[in-house]
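Hi there,

Here is the structure I promised to pass on. Have a look at it first, and then read on for what turned up.

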Amino acid sequence: MRLGGKAAIIVSVAALTGGLAGLAGLSGPAIAGAAASPAAAQATVLIHPDVQQVGRVSTSPPTTADCEAQFKVACYEPTQVQRAYDLPALYAKGVTGKGATIVIVDSFGSPTIKNDLATFDAQFGLPAPPSFTILQPAGPVPPFDSTNGTMLSWAGETTLDVEYAHTIAPGASIVLVETPVAETEGVTGFPQIVQAEKFVIDHHIGDVISQSFSATELTFSPRTSVNALRAAYVDAQRHHVTVLAASGDNGAANVGLDGSTFFTLPTTTWPPSDPLVTAIGGTQLHLAANGNHVSPDTVWNDTFSVPTQKFIFGNNGPNPLAAGGGKSVLFSRPSYQNLVRGVVGQFRGVPDISMSAACNGAVDVYQSFPGITAGWFPTCGTSEATPLFAGIVALAVQKAHHSLGLINPALYLMSALHLPGLVDVTSGNNTVSFSQGGTRHTVRGFSAGPGYDLASGVGTVNAALFVPELAALAGR
């Protein structure tokens, strides 16, 4: 830990109080105005998991060399990901997430998740989590339908979330919260998710909540309707629970209510844009077979990579395939982003921090639920990045001996102090292109650069340094 001790950190906090003042006001208001009426809470939006999965399966986990030879993209195993973030140095000191609990929230879940995790662990020599509990606090999940594409998508999402949160924090307990989200032609709502998360928070079930889903801000109509869905995040702030959300996989563009038509102007998604949530963006790792970096991490953007487009979509593209990021139209700048007001202006900026998400660098996931061929699937997206960071938070919870609550003020302070646990991402962007209605569109996004930016947030992490730094600064 290359810090001058807690006393030195406290002095630094005092020097920056202008940027961190007013945290009590973080629960609102939305730019759109006053809280919505109760009826607005029933507004429906398209909620989707931020996961990308190709229909390629193998009987054993493909190595980086396998993927590069077959698909011209890289893929990584858990040990490579652990090494990339310098996690073995923490494990050697007994910091594995012991005593912490990660809550993973997914619609429907997966009927084979416990067996799939056991297979994953056996393959890579990981211990079983101390406990793995499945809860359905918003009501029973409907029977799994192997012909239902939405259920299959969420089952894949669930598997990725569980296996890679566990990869980072193998000593943490896991609670999978499954929600019975009603469907009407693919349009779903958040009320069940809010209900389930409030149950978890009010019953002190976990330390960090991982959400690998989002909805485009512009699909909330009226915009005030999102206010009525924020109860879980306000509750989490009161109960000192950390909440994470994936920033999205469509770069600066996002889809409308039909789930397929992209906005042709820069957009962001909620809940990552919520000031009470930590928004997790995406990077691309560039690793050797042993997990060592061969070059610095860059912002994830596979939109213009023909091999990756063929790998994911089966065509040359371009199709949007990049880390989400930009300025919220629902929330004004929270006080902790006063430190980066020159970048975000008057608006909440997304993301806050980034982890591995690239499809040229997908991770090996084992799944066997009905409707697929059981085996190993390369999987990617900010749905990977979010459980990865949930594991990082769990490690910091163990180190701190208490939950951390809203960590965003600590992240921006760490960036301002140039603490070594944060690794700046200075290359890449989230500009995307696509054809729609017979016209080629390009949505100009944001570029990475020194310090905070709207493509990578404050950067990514060297966990061996970041975890003790976050434990010292957050939740005090």
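Below is what I found, from the overall picture down to single residues.

Please keep in mind that this is a predicted model. The protein has 14 helices and 21 strands, and 61% of its 476 residues count as buried. Among contacts between residues at least 6 apart in sequence, 79% join residues at least 24 apart.

Which of its residues are buried? They are Ile113, Asp116, Leu117, Phe120, Asp121 and Phe124. These residues cover an arc of only 135° around the axis, which means that they sit on the same side of α6.

What do the buried residues of α6 pack against? Their partners are the helices α4 (78-84) and α7 (149-168), together with the strands β5 (132-135), β6 (173-179), β16 (362-367) and β17 (375-380).

Next, take a look at α8 (residues 191-202) and α9 (residues 231-239). Their axes come within 9 Å and cross at roughly 10°. Angles under 35 degrees count as roughly parallel, and α8 and α9 are therefore roughly parallel to each other. From α8, the residues in contact are Val194, Glu197, Lys198, Ile201 and Asp202; α9 brings Ala231, Ala232, Tyr233, Asp235, Ala236 and His239. By class, this contact has six nonpolar, one polar and four charged residues.

Finally, some backbone details to check on your screen:

- Trp270 and Pro271 are joined by a cis peptide bond, with omega about 20°; Pro271 lies in the loop between β10 (269-270) and β11 (278-284).
- Gly317 and Pro318 are also joined by a cis peptide bond, with omega about 5°; Pro318 lies in the loop between α10 (306-313) and β13 (326-332).
- Asp86 is not a glycine, yet has a positive phi of about 55°. This residue is in the loop between α4 and α5 (88-91) and counts as partly exposed, at 31% relative accessibility.
- His204 is not a glycine either, and has a positive phi of about 55°. His204 lies in the loop between α8 and β7 (208-211) and is exposed, with a relative accessible area of 62%.

Best wishes

Notes: Residues numbered from 1 in each chain as written. Predicted model: local features only at pLDDT ≥ 70, side-chain atom pairs only at ≥ 80, totals over all residues. Heavy atoms only, no water. Buried < 20%, exposed > 50% of the residue type's maximum accessible area, 1.4 Å probe, protein only. Helix = DSSP H or I, 4+ residues; strand = E, 2+ residues; numbered from the N terminus. Arc of directions from axis to C-beta. Contact = heavy atoms within 4.5 Å. Axes fitted to C-alpha atoms, helices over the stretch in contact; angles between N-to-C directions. Parallel < 35°, antiparallel > 145°, perpendicular 65-115°, else oblique. Nonpolar A, V, L, I, M, F, W, Y, C, P; charged D, E, K, R; others polar.
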